[in-house]
Amino acid sequence: VVQFTGFKDFDGNEIYEGDKIKYKNFKGYSTIVFENGAFGYYGISCFITLLETNAEHIEVIGNVFQDSE
């Protein structure tokens, strides 16, 4: 069971815990996790909550449960 974060990406796709995301101007991808009471992802050097970022710059590209990479 995965948890809906309450946010949508720039295409209007709902963002769930475990989703793999690409962020504008960020090479590679990160994974949405729930940590310390907040949903977010690890950037280059720190944990960034979805409340601190503009979800409209996020693109969901898959999830850790269905993707083999």
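**Exercise 1. Find out what pLDDT the protein chain averages, and which strands have the lowest and highest mean.**

Step 1: The protein chain averages a pLDDT of 89, where pLDDT is the predictor's confidence in each residue, from 0 to 100. A score of at least 70 is reached by 96% of the residues.

Step 2: Keep in mind that this is a predicted model, where local features need pLDDT of at least 70, side-chain atom pairs count only at pLDDT 80 or more, and totals for chains, interfaces and linings use all residues. Residues are numbered from 1 along each chain as its sequence is written, and side-chain values use heavy atoms, with hydrogens and water left out.

Step 3: Now go through the elements: helices (H or I, at least four residues) and strands (E, at least two) are DSSP runs, numbered from the N terminus. Strand β7 (residues 47-49) has the lowest mean pLDDT, 92, and strand β2 (residues 14-16) has the highest, 96.

**Exercise 2. Decide whether Thr5 is buried or exposed, then list its partners.**

Step 1: Locate Thr5 in strand β1.

Step 2: Check the cut-offs: buried means under 20% relative accessible area, exposed over 50%, partly exposed in between (1.4 Å probe, protein chains only). Thr5 has 10%, so it is buried.

Step 3: Look for polar contacts (N or O atoms within 3.5 Å; within protein, one must be able to donate a hydrogen and the other to accept it, and residues adjacent in sequence count only if both atoms are side-chain atoms). The side chain of Thr5 reaches the backbone oxygen of Ile15 at 2.7 Å. A polar atom of that Thr5 side chain also lies 3.1 Å from the backbone nitrogen of Phe7.

Step 4: Skip the neighbours within four places in sequence, and Thr5 is in contact (heavy atoms within 4.5 Å) with Ile15, Tyr16, Glu17, Ile32, Phe39 and Leu50.

**Exercise 3. Work out where Glu52 and Asn36 sit, and whether each is buried or exposed.**

Step 1: Glu52 belongs to the loop between β7 and β8 (58-63). Its relative accessibility is 58%, so Glu52 counts as exposed.

Step 2: A polar atom of the Glu52 side chain lies 2.9 Å from the backbone nitrogen of Thr49.

Step 3: Compare Glu52 with Gly12: they're 40 residues apart along the chain, and their C-alpha atoms are separated by 19 Å.

Step 4: Asn36 is in the loop between β5 (33-35) and β6 (38-42). With 77% relative accessibility, Asn36 counts as exposed. Asn36 isn't a glycine, yet it has a positive phi of about 50 degrees.
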